[in-house]
Amino acid sequence: MMYDDVFRRAVEQLHAEKRYRVFADLERRAGDFPRATWHAPEGPREVVVWCSNDYLGMGQHPDVLAALTETANRVGAGAGGTRNIAGTNHPLVLLENELADLHGKEAGLVFSSGYVSNEASISTIARLLPDCLILSDALNHASMIAGMRGAGCARKVFRHNDLSDLERLLKEAGRERAKLVAFESVYSMDGDVAPIGAICDLAEEYGAMTYLDEVHAVGMYGPRGAGIAERDGVMHRLDVIEGTLAKAFGVIGGYVAASRPIIDAIRSYAPGFIFTTAMPPAIAAAARASVAHLKASQSERERHQRQTMQTKLALAARGLPVMPSETHIVPVLVGCPEKAKAATDLLLAEHGVYIQPINYPTVPRGTERLRISPSPFHDDALIRELAQALDAVWAKLDLPRRVEVQAAE
């Protein structure tokens, strides 16, 4: 068997479907966000990044960089192994305490990434619950789905944010059966928000646990940046809150916060935690500095909300097809993978604007889009330049100006 041919054909299939991903060679510059250096084939060029998940620019914050460098100089670069072998470095203990406090829970547990925290935590919780039934929102992230599959237990999907459909499934399961309702607060491709309080009502009525993914909301919403659940005053009603340190907090890593028994069980049973090298102490210190800063500071969130609204208004004024979004996510519909790629290529080459196209399977076929994420550092002049660039590209490629979604599953 010619093994390379198998993999070559797999990649050729992506090319044929016009959804092969090309990564731009970018170099971020501390203190100059959202500008970056694009190492283009013809040489370095300055570009403006409009799709970073470093939503608040905390990856360049002086407090974060100071904590990172001071800790690295003091204790070294690596963690020395898994926590079971090398012990737990002290900055990581402090970070987990900070995260538990952020979400008003007894304990927190940090993983190497948000993907791993979802996969490991969901699979472990559901596997430990006897005859567990997982009830999953239809638009849950791939990492959550991986965790559900890894649990090896029954799973049913309820229509996105549909309380009636969720209640129907809860009723069918019966009050005595162990149930885990898994959902997100902010859905990152559409920018809509879950009815968290109403889902908690149903979970309490029918005896289900709740697992909330807040990765696109932590740092961004609530008086201390704990997320949508904090903003809506329902954080205390959730059993498990999962978040990331790689988006609004600007570093890397994922975590869960919950009661001490839940966290201890995940720590003791999850292979994704047990067999993975721990987060390096300098990274933990940087993340803790970011979390602590955003607990106390509202200015980044206030500025971010203003610039997000300014972006939406500027694009709408140009007749661009901005999809409805109640959050900081600004999706602009294209509806075709080939045209989405062509649009982003033109933006980068002719306008110095970096945005990645979002294609299937991240979004359903027929809903391909550009996903724009403004930050507090995208000033009004940059917003005007973005609107002009998008308008020019839409005209050049004759792209649709109305939001008409006909998704093909």
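A residue is termed buried under 20% relative accessible area, exposed over 50% and partly exposed in between, with a 1.4 Å probe and protein chains only. The structure is a predicted model, in which local features need pLDDT of at least 70 and side-chain atom pairs count only at pLDDT 80 or more, whereas totals for chains, interfaces and linings use all residues. Residues are numbered from 1 along each chain as its sequence is written, and side-chain values use heavy atoms, with hydrogens and water left out.

Salt bridges were considered first. A salt bridge is a side-chain nitrogen of Lys or Arg within 4 Å of a carboxyl oxygen of Asp or Glu, and by this rule the model contains 30 salt bridges. Helices (H or I, at least four residues) and strands (E, at least two) are DSSP runs, numbered from the N terminus. Lys396 counts as exposed, at 54% relative accessibility, while Glu350 is partly exposed, with a relative accessible area of 45%.

Helix H15 also holds Asp391, whose partner Arg401 lies in the segment after H15; this pair links distant parts of the chain, 10 residues apart. The closest N and O atoms of the salt bridge between Asp391 and Arg401 are 2.9 Å apart. Asp391 counts as buried at 19% relative accessibility, and Arg401 as partly exposed at 33%.

Salt bridges that share partners also join Lys156, Arg159, Asp162, Asp165, Arg168 and Glu172 into one network. Within this group, the side chains of Arg168 and Asp165 form a salt bridge with an N to O distance of 2.7 Å. Arg168 and Asp165 are about one helical turn apart because they are separated by three residues in helix H7 (residues 163-173). Arg168 is partly exposed, with a relative accessible area of 40%, whereas Asp165 is buried, with a value of 3%.

On the surface, Met1, Tyr3 and Phe7 form a nonpolar patch with about 440 Å² of accessible area together. Patches comprise residues with over 30% relative accessible area and no salt bridge, like charges being joined within 9 Å and nonpolar side chains (Val, Leu, Ile, Met, Phe, Trp, Tyr) within 5 Å. Accessible areas come from the Shrake-Rupley method with a 1.4 Å probe, and for residues only the protein chains shown count as cover. Tyr3 lies in helix H1 (residues 3-16) and counts as exposed, at 55% relative accessibility.

Grid points are joined across faces, edges and corners, and a volume is the space filled by probe spheres set on the points.

The largest pocket has a volume of about 1300 Å³. Its lining comprises 46 residues, of which Leu139, Asn140, His141, Ala142 and Thr362 lie nearest the centre. Helix H6 contributes the most to this lining, with five residues. By class, the lining of the largest pocket has 20 nonpolar, 15 polar and 11 charged residues; Ala, Val, Leu, Ile, Met, Phe, Trp, Tyr, Cys and Pro count as nonpolar, Asp, Glu, Lys and Arg as charged, and the others, Gly among them, as polar.

The second largest pocket has a volume of about 710 Å³. Of its 31 lining residues, Phe23, Cys51, Ser52, Tyr354 and Gln356 are the closest to its centre. Strand S1 (26-28), strand S2 (35-40) and strand S13 (357-358) each supply at least two residues of this lining, which has 15 nonpolar, seven polar and nine charged residues.

The search of the whole structure finds one cavity of 30 Å³ or more. The largest cavity holds about 70 Å³ of space, and the residues lining this cavity include Arg83, Val110, Phe111 and Met279. Strand S4 (107-111) and helix H11 (271-274) are the elements that give two or more residues to the lining of the largest cavity.

How values were computed: On a 1 Å grid over the protein atoms alone, a cavity is a set of points where a 1.4 Å probe fits but cannot get out, and a pocket is an open set with protein on both sides within 12 Å along at least five of seven lines; lining residues have an atom within 4 Å of a point.
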